[in-house]
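In these entries I record what I looked up in one structure.

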Amino acid sequence: MKICFTHAYYMREDPKELRINKPYPPLGILYLSAWLEQHGYDNEVFDTTFSTAAAQLDYLIEEQPNIIAIYTNLMTKLNVIRLIRAIRSEEHLRDSVVVLGGPDLRYNVENYLATGADVLVIGEGEQSMLELTQAVEQGLRPHFGHIPGLAFIDSDGKITQTPARKHLRAVDELPTPNRHKIDLYQYLHTWKTHHGRSSITVSTQRGCPYTCRWCSTAVYGQSYRRRSAAQVATELKQLKETYEPDQIWFVDDVFTVSHKWLAAFHDEVQKQDAVIPFECITRAERLNEQVLDQLKASGCFRIWIGAESGSQRIIDAMDRRVEAEQVQKMTIAAAAKGIETGTFIMLGYPGETEADIQLTLEHLKKANPDHYTITVAYPIKGTGLYE
């Protein structure tokens with residue numbers, strides 16, 4: 001049986017990314033690929049980042065996979081819809097099972113199934129994708145009702161959604177992502193060419209225990225599950241030996257949420273000779289002098305501390321549960337330790353006034369981070385902000 005994982009982000013169509021030139025590979029589908037491989041199902045990954053929609057379709061026609069699994073999100077959804085329509089128009093792909101996964105599905109089930117997709121994997125994908133693959137192999141299509149975490153059109157043409165799948169608790173069971181399935185060196189080369197340093201993404205945790213009203217929890221839920229510090233250090237050691245990256249970007253929402261885990265991580269990277277310069281995201285109230293020292297000794301060269309606004313009224317409306325003054329204090333403290341700092345600013349949150357924006361300007365001047373990004377508040381379905 002042939003299985004192909006793919007997505008629909010084409011960097012050449014993204015003018016902003018072409019200016020920035022900091023691409024990262026599709027880590028989520030590389031985890032899925034590794035999980036299926038671990039359970040005996042060989043598969044391929046067609047990475048579209050440096051490719052085109054035409055080359056992608058040519059590949060699929062040539063390979064004729066039994067299952068075409070496509071990652072989708074807010075940014076790529078229109079490309080995904082075009083891809084599904086192209087697949088459905090091809091005689092050679094008529095029997096392929098088109099599976100979608102990603103954060104945009106949970107609250108848009110009917111719309112995505114109307115595009116021609118056969119199955120939606122809602123939430124975490126590893127276990128559901130494995131059971132779905134087994135069902136397809138056994139010829140059960142379209143009878144997938146016994147598999148949690150799916151939505152599909154049944155034999156009567158009706159939309160069926162199965163009960164939600166429970167989160168994978170023992171995340172140490174996850175294999176390391178199948179980075180060898182893609183041309184990771186092209187990412188490293190792009191970074192090196194434009195920035196003089198290469199970078200690789202690593203994930204250590206799933207879920208976030210916080211309740212920011214604008215943040216989607218559609219995939220991992222409001223939870224906190226973490227790989228052991230020893231396993232993460234081993235992955236860093238492997239990356240160091242195989243790819244020799246200049247730096248790591250930890251994609252976790254709150255890297256220092258557990259001080260106990262961070263202390264173990266500090267010890268493990270030292271013990272395993274796995275120290276690689278890295279940057280991460282965290283919250284101000286999960287920082288202190290000792291944590292900053294441990295971060296720096298573990299390789300942290302830049303830390304992003306969420307602020308979103310300098311107005312405490314807006315921060316509270318977001319349910320951020322942090323104080324602007326604490327963000328300023330820890331940004332200054334990190335800089336004093338020789339760690340670069342960054343922060344995030346969100347504009348346009350409901351109720352924000354010019355006076356609130358002025359407070360944000362003053363906040364940035366006081367904190368004086370090395371970097372900051374600005375986003376516009378966007379109401380994603382399923383979030384408190386959307387409601």
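Entry 1. I found the contact, meaning heavy atoms within 4.5 Å, to be made by Tyr-31, Leu-32, Trp-35 and Leu-36 of helix 2 and by Glu-126, Gln-127, Met-129, Leu-130 and Thr-133 of helix 6. The axes of helix 2 (residues 27–38) and helix 6 (residues 126–137) come within 10 Å and cross at roughly 50°.

Entry 2. I recorded the basis of the values. The model is predicted, local features need pLDDT of at least 70, side-chain atom pairs count only at pLDDT 80 or more, and totals for chains, interfaces and linings use all residues. Residues are numbered from 1 along each chain as its sequence is written, and side-chain values use heavy atoms, with hydrogens and water left out.

Entry 3. I looked up ring pairs of Phe, Tyr and Trp (its six-membered ring), which need centres within 6.5 Å; planes under 30 degrees apart are stacked, over 60 edge-to-face and the rest tilted. The count comes to 14 aromatic pairs.

Entry 4. Phe-250 and Phe-278 form an edge-to-face pair, 5.0 Å centre to centre with 75° between the planes. Is Phe-250 buried or exposed? Phe-250 is buried, at a relative accessible area of 1% (buried is under 20%, exposed over 50%, partly exposed in between, with a 1.4 Å probe and protein chains only).

Definitions and conventions
Axes fitted to C-alpha atoms, helices over the stretch in contact; angles between N-to-C directions. Helix = DSSP H or I, 4+ residues; strand = E, 2+ residues; numbered from the N terminus.
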